[in-house]
Amino acid sequence: DACILSLDLTKPLCYALPSAYTMKPQGSPFDPWQYQLVIHKGFDNEGIPERRDEEFLNRIPHVNEDLRTFAVAQGEYCAHCGLWYSEGRTAYVEPVATVPQHRNMGLGKAVVYEACRRAKAMGALRATVISDQEFYYRIGFSLSSEVYRWVKEIKHEKTKETTC
């Protein structure tokens, strides 16, 4: 079962960054190692991840580098929002992560809104995410639909054996 949440991109998307942080400019090259670290730490993993090469990261299907959004402080990626969009009306948010020591400062909202603003400039009218996390509701997403898995029970009846 899953909740699909939606954010209306036709409305203003305003956010504030604390003064110690900046948003990585759209179109600027990203640091693959910093990207790996923000995802690893942002999902509460311990230690240091195995370093992946750029070729591995480039195998992610349909990635749009211009929509990969980072909040940065002192050269470190602190929060990230990935956004999948190429055409049409809907962008898909995934993944969103904030490094634990940088949480509760509005960075998660900032990277989501900035990524959505970029997709809006390309033509998207809404953003969706498959989640029921309270974070998304707090920043303006609302329930769009729910998906349920239905399972049909099949009863097997004994069949009489026949021979010819």
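What follows is a chat about a predicted model of a protein chain.

User: Hi! How many helices and strands does the chain come to?

Analyst: Hello! The secondary structure of this predicted model comes to 4 helices and 7 strands.

User: And which pattern do they follow along the sequence?

Analyst: Reading along the sequence gives β-β-α-α-β-β-β-α-β-α-β.

User: What about the overall dimensions, say the box the C-alpha atoms fill?

Analyst: Taken along the principal axes, that box is roughly 85 × 40 × 30 Å. The radius of gyration of the chain is 21 Å, while a compact globule of 164 residues would have one near 15 Å.

User: What share of the residues count as buried?

Analyst: Of the 164 residues, 40% count as buried.

User: Is H3 mostly covered or mostly uncovered?

Analyst: Mostly covered, with 11 of its 15 residues buried. Among the buried ones are Leu107, Val111, Val112, Tyr113 and Cys116.

User: Which unit does H3 belong to, together with S5 and S6?

Analyst: S5, H3 and S6 make a β-α-β unit, and that unit is right-handed.

User: Do S5 and S6 pair in the parallel or the antiparallel sense?

Analyst: Parallel, over 3 bridges, with S5 being residues 90-98. As one example, Ala91 stands opposite Ala127 in S6.

User: How many bridges join S1 to S6?

Analyst: There are 5 bridges between S1 (residues 2-8) and S6 (residues 126-130), and these two strands run antiparallel. Thr128 in S6 is the bridge partner of Ser6.

User: Changing topic: how many aromatic pairs are there?

Analyst: The count comes to 6 aromatic pairs. One of them is Phe30 with Phe70, which is stacked, at 6.2 Å centre to centre and with 20° between the planes.

User: Where do those two sit in the chain?

Analyst: Phe30 is in the loop between strand S2 (22-23) and helix H1 (32-42), and Phe70 is in strand S3 (residues 69-73). The pair links distant parts of the chain, 40 residues apart.

User: Is Phe70 buried or exposed?

Analyst: Phe70 is buried, and its relative accessible area is 1%.

User: How do the rings of Tyr35 and Phe70 sit, and why is that pair called what it is?

Analyst: The pair is edge-to-face because the planes are at 90°, and over 60 degrees counts as edge-to-face. The ring centres are 6.0 Å apart. Tyr35 is in helix H1, 35 residues from Phe70 in strand S3.

User: Does Tyr35 count as buried or exposed?

Analyst: Buried, at 10% relative accessibility.

User: Which residues form the aromatic cluster?

Analyst: Phe30, Tyr35, Phe70 and Tyr77 form one cluster.

User: Last one: which charged end sits over the ring of Tyr35?

Analyst: That is Arg68, whose charged end is 4.4 Å from the ring centre of Tyr35. Elsewhere in the list of such contacts, Arg51 lies over the face of Trp33, 4.0 Å from the ring centre.

Notes. Residues are numbered from 1 along each chain as its sequence is written. This is a predicted model: local features need pLDDT of at least 70, side-chain atom pairs count only at pLDDT 80 or more; totals for chains, interfaces and linings use all residues. Side-chain values use heavy atoms; hydrogens and water are left out. Buried means under 20% relative accessible area, exposed over 50%, partly exposed in between (1.4 Å probe, protein chains only). Two strands pair if DSSP finds at least two bridges between them. A crossover is right-handed if, with the strands pointing away from the viewer, the path from the first strand over the helix to the second runs clockwise. Rings of Phe, Tyr and Trp (its six-membered ring) pair if their centres lie within 6.5 Å; planes under 30 degrees apart count as stacked, over 60 as edge-to-face and the rest as tilted. A charge sits over a ring if NZ of Lys or CZ of Arg is within 6 Å of the ring centre and within 35 degrees of the ring normal. The radius of gyration is taken over C-alpha atoms; the globule rule is 2.2 Å times the number of residues to the power 0.38.
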